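Please look at the sequence and the model first.

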Amino acid sequence: MSPENIKELNKKPLLVGGPVIYLMSKDIRVKNNPSLMYAQRLALENKLELKVYFNLYADLSVRSYQHFAFMIKGIEEVSVKLAKLNIPLVVSTSSEKDFLTELRKNKPCILILDHSSLKHARKKQQRVAERLDCKVVTCDGRNIIPVWYLSDKEEHSARTIRPKINKLLPLFIYKNEIPAFHSYNKQGDKNLINCNKLLANVKAKHLTDYKPQIIPGEDAALDVLGRFVNLKLDIYQETRSDPTKESTSLLSAYLHFGMISPLTIYNTVKDMDNNAAFIEELVVRRELADNYCYNNHNYDNLKGAKDWAQKTLAKHLSDRREFVYELQEFESASTHDKAWNAAQTQMLRTGFMHGYMRMYWCKKILEWSSSAETAIQTAIYLNDKYQLDGLDSNGYAGIMWSITGIHDRPWFEREVYGSIRYMNFNGLKRKFNIDSYISKWLPKQS
Ligand code: FAD
């Protein structure tokens with residue numbers, strides 16, 4: 001890790017004596033986790049205890065039960081790995097207030113947090129930094145190049161951020177890192193995580209019944225990466241836009257929960273043939289999405305669009321719409337369009353929708369909603385509730401790209417869309433065998 005990964009959230013002193021505490025949240029992994037590496041480095045330098053906490057906010061109403069199940073299994077795996085390194089992981093489900101009290105009791109030397117560019121997380125972190133007496137820092141383990149270092153403004157598009165990434169990337173590519181055995185901790189502290197109890201705690205509040213196609217955890221993420229590199233990387237460039245080929249990496253949920261570092265993925269593919277299109281998505285598009293959310297607090301509403309887009313969407317607000325659906329009709333995949341219903345069904349059943357279909361899915365939500373603002377809210381609600389990789393900068397940027405043209409340019413003007421880029425069913429037909437996709441997800445209707 002590099003010192004640029006770390007950002008101070010307050011100006012308070014290190015209270016040397018108490019333990020170094022790392023509050024894990026976004027980065028549920030041991031390998032290439034800059035917060036953990038920094039925490040251990042400080043603890044070793046000062047001969048201090050090192051403790052890891054995870055406080056699960058089970059009341060986050062936007063998520064489904066499967067998100068929590070996926071996350072909790074990942075935490076369980078991390079706890080076992082940390083136990084082998086003599087580092088205790090304490091998992092709780094306290095309110096923010098009670099959790100702060102618990103932290104204070106430890107009299108930490110420093111509190112280290114995982115960075116998130118999303119506003120609810122940033123506000124919460126700022127409150128913690130104000131209320132604790134010790135230094136509080138956040139570490140960016142979400143991006144390869146820390147979001148605050150890559151650019152100090154909202155970037156226009158991939159075209160403007162790409163040269164910055166190309167210039168800085170070599171500075172942030174380091175060999176894979178894992179923490180050492182922590183001998184300054186008392187031996188024998190067991191990391192007992194009762195997954196079933198934690199799951200029971202969230203089950204009642206967040207029921208949905210899809211079955212993720214991927215297994216949670218850091219080891220599973222590495223397996224998925226291995227399979228992708230061996231079987232799909234070579235054909236990724238030609239086939240990634242064809243949902244019937246299923247040739248993309250399926251790493252997004254692991255990346256979202258921080259079960260794998262983008263650096264681990266980058267280090268694995270960087271010397272391979274035919275890696276350019278994949279690296280473009282993994283690094284350029286992914287870091288562009290985070291740059292957007294970090295620098296534009298309206299990433300989840302129409303005010304987050306560029307002026308030209310707000311104007312064109314306002315001009316076409318009262319255009320007649322051939323179809324207007326309510327949230328419940330979208331949610332239950334009951335539109336007139338089989339391709340859209342198939343995409344929605346893929347997401348409802350598996351917690352994942354193929355990337356190309358996500359664009360079509362979201363653009364049609366714009367076309368069939370009473371306004372662009374309603375469309376944004378519908379898309380965010382469905383995306384964050386069902387996609388296992390939802391509640392992520394990539395999701396907000398993808399939705400705002402589809403509905404408001406961020407990182408894109410104005411296209412030909414037409415009804416409802418104005419000059420926002422349009423997609424239609426015939427476009428899908430031209431690109432791949434859409435009937436095969438429909439019959440996979442809607443066998444009875446095809
Ligand atoms: P791959 O094609 O294998 O790509 C590798 C990784 O690169 C992905 O895992 C992802 O982290 C990143 N990536 C790929 N495409 C993009 C992109 N366009 N923008 C930013 N990063 C990208 N991605 C999410 O992670 N969470 C979301 O909630 C999400 N919602 C989206 C909603 C809409 C409307 C759109 C248009 C896109 C959304 N995306 C989202 C981006 C993209 O569709 C998914 O990341 C991708 O389909 C995940 O599949 P994969 O891991 O097999 O991707």
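A nitrogen atom of the ligand lies 3.1 Å from an N or O atom in the side chain of Glu281; a polar contact is a pair of N or O atoms within 3.5 Å. The model is predicted, with local features needing pLDDT of at least 70 and side-chain atom pairs counting only at pLDDT 80 or more, while totals for chains, interfaces and linings use all residues. Residues are numbered from 1 along each chain as its sequence is written, and side-chain values use heavy atoms, with hydrogens and water left out.

A polar side-chain atom of Asn383 is 2.8 Å from one oxygen atom of the ligand, and a backbone N or O atom of Leu251 is 3.1 Å from an oxygen atom of the ligand. The protein buries 91% of the 830 Å² that the ligand exposes when taken alone (accessible areas by the Shrake-Rupley method with a 1.4 Å probe).

Around the ligand are 25 residues, each with a heavy atom within 4 Å of it. The closest are Tyr236, Thr248, Ser249, Leu250 and Asn383. By class, this shell has 10 nonpolar, 10 polar and 5 charged residues; Ala, Val, Leu, Ile, Met, Phe, Trp, Tyr, Cys and Pro count as nonpolar, Asp, Glu, Lys and Arg as charged, and the others, Gly among them, as polar.

Where does the ligand sit? The ligand sits in the largest pocket, meaning that more than half of its atoms lie within 2 Å of the pocket's grid points. On a 1 Å grid over the protein atoms alone, a pocket is an open set of points with protein on both sides within 12 Å along at least five of seven lines, a cavity is a set where a 1.4 Å probe fits but cannot get out, and lining residues have an atom within 4 Å of a point. The largest pocket has a volume of about 1,500 Å³, a volume being the space filled by probe spheres set on the points, which are joined across faces, edges and corners. Of its 49 lining residues, Glu281, Arg285, Gly355, Tyr356 and Met359 are the closest to its centre. The largest share of the lining, 9 residues, comes from α12 (helices are DSSP runs of H or I, at least four residues, numbered from the N terminus).

The structure also holds 4 cavities of 30 Å³ or more. The largest cavity holds about 120 Å³ of space, and its lining includes Leu250.

Definitions and conventions. A polar contact is a pair of N or O atoms within 3.5 Å; within protein, one must be able to donate a hydrogen and the other to accept it, and residues adjacent in sequence count only if both atoms are side-chain atoms. Helices (H or I, at least four residues) and strands (E, at least two) are DSSP runs, numbered from the N terminus.
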